[in-house]
Amino acid sequence: MTLLILLGVSLVAAFILAFVGDRKYAPEVNILGSATAFVASLFLAAEVYNNGAFTAGGEFFFVDAFNVYLAVLTTFISTTTAVFSRRYMRHERELGRVGKNAMRFYHAMFQLFIFAMLLALLTNNVGVLWIAMELATLSTVLLVSLYRTPSAVEAAWKYFILCGVGIALALFGTVLLYFAAERVFGSGTAGLLWTNLAASSGKLEPTVLSLAFIFFMVGYGTKVGLVPLHNWLPDAHSEGPTPISAVLSGLLLNVALYALVRCKTLVDGATHGNKAGYIMMFFGMLSILVAAFSLLRQKDVKRMFAYSSIEHMGIATFAFGLGGPVATFGALLHMLVHSLTKSSIFFTAGNASQMHHTQEMSRIQGLARGNPPVGWGLMLGVIAIAGMPPFGVFTSEFLILTATIKNAPYAAPLFLLGLAVTFAALFRRVIPMVFGNLPAHQRKIKVSQSVVIVHMAIVFILGLYLPEFLSQWFHKAVEILR
Amino acid sequence: MTTNLAAQINGVLAALILLTAFGLLAQRRIYGMLHLFALQGLFLSVSTAIVGYTAGLHHLYVSAVLTLILKVFVLPYILYALVHKLHIRKEVEDLVNIPTTMLIGIALVIFSYHLTAPVRELSTLITKSTLAVALSTVMLGFLVMITRKKAVTQIIGFLALENGLFFAATSATYGMPLVVELGVALDILIAAFIFGLFFFQIRTTFDSLDLKEMEKLKEED
């Protein structure tokens, strides 16, 4: 029941907003829809916490510690993003960058996107997971081109083609997985259910699953934004509206990584080795390094933080590939704190570009003086994302680094190099933006600072103290991913 | 119809699908490409129906009809209407080097046969030998997308790639469960509307559907 409410709310909200999305009260409807989904996901999480994993709807849905935690995160960030988007999009509309129809479209697609991600997380069917991932892409493609500028259209086209092709390969992987499963379960939906596949992954044909994993890696890896298929990500993040950049970075990448990690556990079960893990480690590390050095060359603020997202997804992918309790725990925590920090950074960066009418970093200055909440919000966000204590990102990166030194010492120097370069690149750009002199062209705008404060507070608390229920939670998820 | 005959007919249809995939690589005219794409959909649909008949799987008939409607009529019609509306009927694409592209295509086919060898050995289905053709169609669709510089022709490549995926599902496993196939068909339909909208957006912002114009977003040094 909770499940139906959780999924239904976003779908209904999408439908309603398709008609009233341009009205004055539309942002409130958007917030209400997301907040209801958030409450429902909390109830669902409580159910899993008390009674353990369960399936529902004739085995169509499957909820365990791993996916319910991501569902809560998804609905939480979608709620805060909806709050942020209220003022942000109103301002964009005043500037005349979006029209009436665009607002309707924006609100409806926002909710549809949330629905697609929740469906991808909660479904028990590998095929439906693929469909939901494709739906998530399709619902955001035209949001990226919302402003209709040449570069926005170009970014959206790139996003559409690259992710479309990438995810097509994941479908080929799904076909191969079904081929292997059919020999165990016979034809029919049974062969596509996570619950069945996970229970008897040892019986699946290892050669076919290894082949399937390569397709999954390329397919879902494209959506995670792993190098070398990351090209769409900086463009889509920099050209789309800021709330969309925040949810793409904070949520979509996580959901794609979730799909990849689920597939990895199956392949590991079949091959009795860590072959899939090594592939993930390689591409994770490659993403960390390429993103770190690309960060140095960025001039556009949202583009820079998009590269930072590639780097952090690389870290999480690397850690999941490394495997073992410590690294997996670190990766799960990293997904959580990265999402919170990065979406908060996008909020402040979006406000900063609204204040200066540009996303070019050289023209953004004196934020701390002009608008202290935005300036300090950005500064704290960057301190957190660079992995400084006492924020949560430090904890997760420290855990991952510890596991790396123990199990894959050869990778540790590269890992540290990536972190150091990122650190330098981010601070070189952000300090002038926050502290420089107040430029004449800076304008005063109203911002939703509460969401930034909430996000940063959670990341700060997680850096100092991990609540009992959360660590229990992660331990359970680590057990699942063994 | 004996199983042997069905396997042979299916083999012929697979060969025809591969042929149309190569045709898409070499065809310069947009209309010609549309016809080839519709033809490929038709072969795909017939092949699916034959497999459904011999294997006695009725859900494959649904897939065959779905393919027939979507890939032979709806999608080509949408594209046709768009091409007509955007007045790009007569446009001819200058492809750099067709022979080289064809040679790369042949290499991709050989690679596909190599890649799917383990699956072929394990499979007991009559369609086992066509999986390699399916993967080849996917790869050739890719190649079309890489070599073309116009939005419409890139999309045709993308749809041919989807055809290959569908064919793969039939060859490897006699089709995915119906829920999945319906969902995939729905996604393709949504994608069709999106690229339709896109053509207009690209046209209005760039004054042409040539993707060569799209070179703004690059890493600057």
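**Packing, chain contact and salt bridges in the predicted model**

B:Thr48 touches B:Leu60, B:Ser63, B:Ala64, B:Phe166 and B:Thr170, leaving aside residues up to four places away in sequence. The model described here is predicted. B:Thr48 belongs to helix α2 of chain B, which covers residues 30-55. The relative accessibility of B:Thr48 is 1%, so B:Thr48 counts as buried, the cut-off being under 20%.

Helix α15 of chain A runs over residues 372-385. The buried residues of α15(A) are A:Val374, A:Gly375, A:Gly377, A:Leu378, A:Met379, A:Gly381, A:Val382, A:Ala384 and A:Ile385. The helices of chain A against which these buried residues pack are α12 (301-322), α13 (325-356), α14 (367-370), α16 (392-407), α17 (412-435) and α18 (449-464). Just after α15(A), A:Gly387 adopts a positive phi of about 90 degrees.

The contact between the two chains was examined next. Chain A and chain B bury about 4,500 Å² between them, and 76% of this area is on carbon and sulfur atoms. On the chain A side, A:Glu154, A:Trp157 and A:Phe172 lose the most area to chain B, and together they make up 16% of what that side buries. The contact involves 52 residues from chain A and 48 residues from chain B. Zero salt bridges are counted between chain A and chain B, while three residue pairs are in polar contact across the two chains, both residues having pLDDT 80 or more. The side of chain A that touches chain B receives at least two residues from each of α5 (126-144), α6 (150-185), α8 (206-224), α9 (232-239) and α12 of chain A. Of the elements on this side, α6(A) gives the most, with 23 residues. Sorted by class, the side of chain A that touches chain B comprises 29 nonpolar, eleven polar and twelve charged residues.

Over all chains, the whole structure contains seven salt bridges. One of them pairs A:Asp64 with A:Arg262, with the closest N and O atoms 3.0 Å apart. This pair links distant parts of the chain, 198 residues apart: A:Asp64 is in the loop between β2 (61-63) and α3 (65-94) of chain A, and A:Arg262 is in helix α10 (residues 242-271) of chain A. A:Asp64 is buried, at a relative accessible area of 2%, and A:Arg262 counts as buried at 6% relative accessibility.

A salt bridge is also formed by A:Arg303 and A:Asp235, whose closest N and O atoms are 2.7 Å apart. Because A:Arg303 lies in helix α12 and A:Asp235 in helix α9 of chain A, the pair ties together parts that are 68 residues apart in sequence. A:Arg303 counts as buried at 6% relative accessibility, as does A:Asp235 at 1%.

Within helix α10 of chain A, A:Lys264 and A:Asp268 are four residues apart and are therefore separated by about one helical turn. The two residues form a salt bridge in which the closest N and O atoms are 2.8 Å apart. Both A:Lys264 and A:Asp268 are buried. Elsewhere, A:Lys158, A:Asp235 and A:Arg303 are joined into one network by salt bridges that share partners.

Technical notes
Residues numbered from 1 in each chain as written. Chains lettered and ligands numbered in written order. Predicted model: local features only at pLDDT ≥ 70, side-chain atom pairs only at ≥ 80, totals over all residues. Heavy atoms only, no water. Expected span 1.5 Å × (residues − 1). Buried < 20%, exposed > 50% of the residue type's maximum accessible area, 1.4 Å probe, protein only. Contact = heavy atoms within 4.5 Å. Buried area = accessible area lost by both parts, 1.4 Å probe. Salt bridge = Lys/Arg side-chain N within 4 Å of Asp/Glu carboxyl O. Polar contact = N/O pair within 3.5 Å; in protein donor to acceptor, adjacent residues only side chain to side chain. Nonpolar A, V, L, I, M, F, W, Y, C, P; charged D, E, K, R; others polar.
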